[in-house]
Each structure stands twice: as C-alpha cells, then as structure tokens.
Amino acid sequence: MVNEKYYGYGTAPSIIRELFAYGLEQAKKIGKDKVYDYSLGNPSIPAPVKVNETIKKLVDEESSILLHGYSMAPGFESTREAIAANLRERFNTNAQASEIFMTCGCAPALVSVACALTCKPEDNFVCIAPYFPEYNVFFTAGGGKVKVVAADVPDFQINLEALEATVDENSVAVVINSPNNPSGVVYTKETLEKIGAFLKEKEAEYGHPIYIVADEPYRELVYGDAKVTFIPEVYDNTIVCYSWSKSLSLPGERIGYVYVPAKCEDGKAVYAAVAGAAREIGSVCPPTLIQRVVQECVGCMPDLVAYDENRNDLYNGLTEMGYECAKPDGAFYLFMKAPNGDDFAFSEAAKLEENILIVPGSGFQCPGYLRLSYCVSNEMIKNSMPGFKRLIEKYGK
Ligand code: PLP
C-alpha cells in the first residue's frame, strides 16, 4: 500500500517530459539538427563567469568540511543579509536577513508558503491562468484548493473582473507570476495596484489577510522597456518566492528563498510557519556551497542579449506567417494560438510532421494555445521556420 495521492503524482504523465524524451529519441534517428525542441524551460545562456569563479575560489580557499557541511536551517545569516541588502538597494523595501528563508529553489519556496498559509480544507489559492501546471500540486500541498481565474486572451494581462469574481471568503492568497510562464507577459504596475486595492477591500470585508504570493523566478528576465514591479512595493501583504534557477541559469543547483516582509500581516508567524513547512518537506539548509555562491553573486545580472534575439526572431517570424501571439516582455516563453484551435492536435501534428516540439496550453489552463520555450539556439529557431510555415499553411484558417 502506498499513498494514493503521491502515487498519482509520481505516475501522472507529463507532456513536457514526453515531448523532451521524444526529441532525444528522434535526434538519435534523424540527427539533432533536425529536431526543433521548444519543450523545456532550461536556461540556454551560461551562468555568469563570476559564478564559476566563485565556486573555484571557495573550493580552493575554504575548509571542505565547512563548505559541504550543514548551514543553519534558514540558511547562512551572511547569505540572507546579502540578499536583503540587494533587495533594499534595488527596491523600495526595508528587507532584513531575518525575513529571508533560504530554500532549495523556488518550488519548495512555493510549497512551504502554501502549507504555511493553509489552515482548513476550504482555504483556496487563486491562480491566474495561464499558469505553471505544478501550481496544482504546490498549492494543494497543505490540504487547500486551487481556484482558477480564466485567462484574459489575447493579451494575457489579468482580467480584473474575473479575479474579483473568483476571490471569496476562503481565499488565503492570490498567486502572481510575472514575468509569466507560459505567456511571457509582464503584468503592469497599474494592474497590480488595482489588485492590491481590491484585496485590501476584501480583507476588510472578510476580516482576514489575503496575501499575494509573488512567484518571481523570472524577475530579472525582462526585455525592452518593460518593467517588472516588485509587488511588496504596491501591496503590503506580499510574500515573495524567488530562485536563481533562471536569472543565473542555476536550475540544477536548487537555490532560492522566501521573503516575508515585516510589514506583512502576521509576518513573524508566517515566517515561522514557512520555516516549519520547509522542515516538513525537507527543504532546509539548502546547498551550502551554492548559498555562499549566491551571497557573492547576488548583484550579478543575466546577459539577456541571446534571449532577446531569440524572442524577436521567433515572434517576428511566426507573426509574419500569420500565427497569433502576445509579444512576450519577459521570461523565455512565447504563447501562441493553435491555428486550428486545438492545442493537442496541433502539438501532435508539429511533432510528427515537422519534428517541432511545442507544449499544449491545456496543461497551463489555457486550451487552444501552445507554449514555446525559446531558451534554445538561435540557429534552431531559424531552421524551424520552414516547418512552422508548412504547418500554418496546412492547418491555418
Ligand atoms: N515557478 C514558475 C513559474 C516556474 O516556471 C518554475 C520553474 O520552471 C518554478 C516556479 C520552479 O522554479 P525552481 O526550478 O527554482 O524550483
């Protein structure tokens, strides 16, 4: 006998992983250069040079017992202070080390917050479609529910009316992911301010806090004139979940944090409950070496030139052919409409006819659309264009 819920999670098929595995098999048969894999969100730009230099320096100069030993459960004080100082410098916040809890990436940060805030089975987390499919797992981890706000097509900003109709007396948080996976859209400051004002009203009406959980692994991946709003600046009851998986291209190093600003209602209690939840899921004392690395590299910014070139080439190439999509301002995803209206059928046709691997939007709660991860080589984008052209000629209206 095993736990049914976890058995289900462990055996559920993942279309993204299946597409990726298919791509690897096809590459063996027909050659890597003939497979156009847009399935995974694995960064394609290398980590900044300083990251590897810091690793080398630490390994050469520090005691290996300390470097590979446990840290304190919430992480090193010095690491948390460096992060807090960086936040104070960049944003209008008074972040302190005592408000930062280090985690093994953004996923456990989100799960810890979900568990920390869930008090009863009716509690719900409002998630705005399209959203990262793992939210359905993360935000029910504490025994609560996910409520979905329908996507606001075609620009994928937040539909405020739909949000207002979804929040209810059992809502404990609204989850905001900007820049967004899968749409690449950055939510405007104005929209976030309106959400803040609305939640304040609802808090007064229901007599309990309704937090914003800001899921921010793509915070630093933003192009052109777009600006990512640091949500604690517009709404006090915001809890930030962050990782360096995308910004420093370190997804395999599993390093991130939860930031519970002191101005959050019940902030100290929330922080303590996050610490307790992190304990339950075993996301404490994240990799010591990597904590030290992010401490040194907290000011490093990604070089976005390659992603931006990909973004422009992909967006321009596809829209010139007649594909419809919102121009992404951030992250490394583009979300396009299936020309035949059926995301699964179009993904399958693209895979079987053109070896183009693109992810159906249904898993992101947005049927009829497809996600393309453009953290790939620019050459792959250029070489995939004739295939996209044949597909729209065959399946487009
Ligand atoms: N949130 C979003 C929106 C993501 O896209 C991802 C990963 O792709 C995560 C959270 C999890 O990030 P991490 O790999 O740091 O756990």
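**The largest pocket and its lining**

Modeller: This is a predicted model, and I would begin with where the largest pocket sits: domain 1 (4-48 + 303-395) and domain 2 (49-297) both give residues to its lining, so the largest pocket lies between them. Its volume is about 1000 Å³, and 38 residues line it, with S14, I16, F132, P133 and E134 lying nearest the centre.

Turning to secondary structure, at least two lining residues of the largest pocket come from each of α1 (4-11), α2 (15-30), α6 (106-117), α7 (135-138) and β11 (359-360). Among the contributors, α7 gives the most to this lining, with four residues. By class, the lining of the largest pocket is made up of 22 nonpolar, 10 polar and six charged residues.

The second largest pocket can be described in the same terms. About 550 Å³ of space lies in the second largest pocket, and its lining consists of 20 residues, of which K32, V35, D37, V376 and M380 are nearest the centre. Here α2, β1 (36-37) and α14 (378-395) each supply at least two residues of the lining, and the largest share, four residues, comes from α2. The lining of the second largest pocket divides into 10 nonpolar, six polar and four charged residues.

Methods. Residues numbered from 1 in each chain as written. Predicted model: local features only at pLDDT ≥ 70, side-chain atom pairs only at ≥ 80, totals over all residues. Heavy atoms only, no water. 1 Å grid on protein atoms, 1.4 Å probe; cavity = no way out; pocket = protein on both sides within 12 Å on 5 of 7 lines; lining within 4 Å. Points joined across faces, edges and corners; volume = space filled by probe spheres on them. Nonpolar A, V, L, I, M, F, W, Y, C, P; charged D, E, K, R; others polar. Domains from an automatic or database assignment.
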